[in-house]
Amino acid sequence: MGALVFNATTAALMVIMFNGGLELLGRGTLRGRRVPWAAVGLTALALAGVLAQLCWSGAMDALDDDPAKNGWWRVVTAVFMQNGGLLGGAWNIATLAAVAALADWYWGGPRTLVLFLAGVLLPERADALLGLGGHHDADPRNFAGSSGATYFLGATLAAALLVRALRARRAGTADAAAGKELLLAAGVPVLGLALWFAQANGHGLVSCYGFVLGALALCLPGRPTTAPAAAPAPAAGSSAQAPASASS
């Protein structure tokens, strides 16, 4: 029963982050957006990791992040290994693809990759700095998997949504939609902390870290945009309207 509650609450946190990302970008604008190549690349690496596990029995031993083993590469390669079984691995890859796509459309490809890498490298160091002992414990399930970095990345979108909602309130332009955005965005760190304190659920804690870094990333030059890329203007002298049919 405890495992079921753990999985359900962890999934609920992801649902909140995903819906927040949709609100940030605009639910009706996704179809016309560019291909999110950073998301495609990260998903391809995750699928390649699963393929390596299927074809090589020693992949997990060689590439996971077991603190009892040496290897500087493990903290990165472990992210693309999956050890939650068939359903757990499918959930991790699907959520990685979805969250990374939303992040790519908002932050842009380069920043998305940097934020994802931060989600790989920073949580353990932040844990140590706060005296939480690092993200490892005796449970081998913590030695691999993409979920931590995915939740970190998703929380950066929640931070951006919260900042936008607060600005709308400050400017006096807030409406019912802004209120919904505020609840969705604030729900990520609130539920994340609740999961951490109630369940020692690391997904909640890394979501709080991602939320903070996302807020800081908004201070950098080159503001992200929620608008889809505009279609190229027609060339001079050409008709702005496509012909009904082409002659053979």
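These legends describe close-up views of a predicted model. Local features need pLDDT of at least 70, side-chain atom pairs count only at pLDDT 80 or more, and totals for chains, interfaces and linings use all residues. Residues are numbered from 1 along each chain as its sequence is written, and side-chain values use heavy atoms, with hydrogens and water left out.

**View 1. Q82 sits in the loop between helix 4 (74-77) and helix 5 (85-107).** Helices here are DSSP runs (H or I, at least four residues), numbered from the N terminus. Q82 is buried, at 7% relative accessible area. Buried means under 20%, exposed over 50%, and partly exposed in between (1.4 Å probe, protein chains only). Beyond its neighbours within four places in sequence, Q82 is in contact (heavy atoms within 4.5 Å) with residues including V50, M60 and I93.

**View 2. Helix 6 bends by about 40 degrees at L122.** The bend is the angle between axes fitted to the seven residues ending there and the seven starting there. A proline, P123, follows within four residues. P123 is one of the buried residues of helix 6; G109, F116 and D127 are also among them. Cover for the buried residues comes from parts including helix 2 (37-55) and helix 7 (147-171). Just after helix 6, G131 has a positive phi of about 75 degrees.

**View 3. R34 and D104 form a salt bridge, with their closest N and O atoms 2.7 Å apart.** A salt bridge is a side-chain nitrogen of Lys or Arg within 4 Å of a carboxyl oxygen of Asp or Glu. R34 lies in the loop between helix 1 (2-25) and helix 2, and D104 in helix 5, so the pair ties together parts 70 residues apart in sequence. R34 is partly exposed, at 37%. D104 is buried, at 1%.

**View 4. D64 and R74 form a salt bridge at 3.2 Å between the closest N and O atoms.** Salt bridges that share partners join D61, D64, K69 and R74 into one network. D64 and R74 are both buried. K69 and D61 meet at 3.4 Å, N to O. K69 is partly exposed, at 29%.

**View 5. A200 lies in the loop between helix 8 (176-199) and helix 9.** Its phi is near 55 degrees, a positive value in a residue other than glycine. Most residues other than glycine have a negative phi. A200 is exposed, at 54%.

Notes:
Helices (H or I, at least four residues) and strands (E, at least two) are DSSP runs, numbered from the N terminus.
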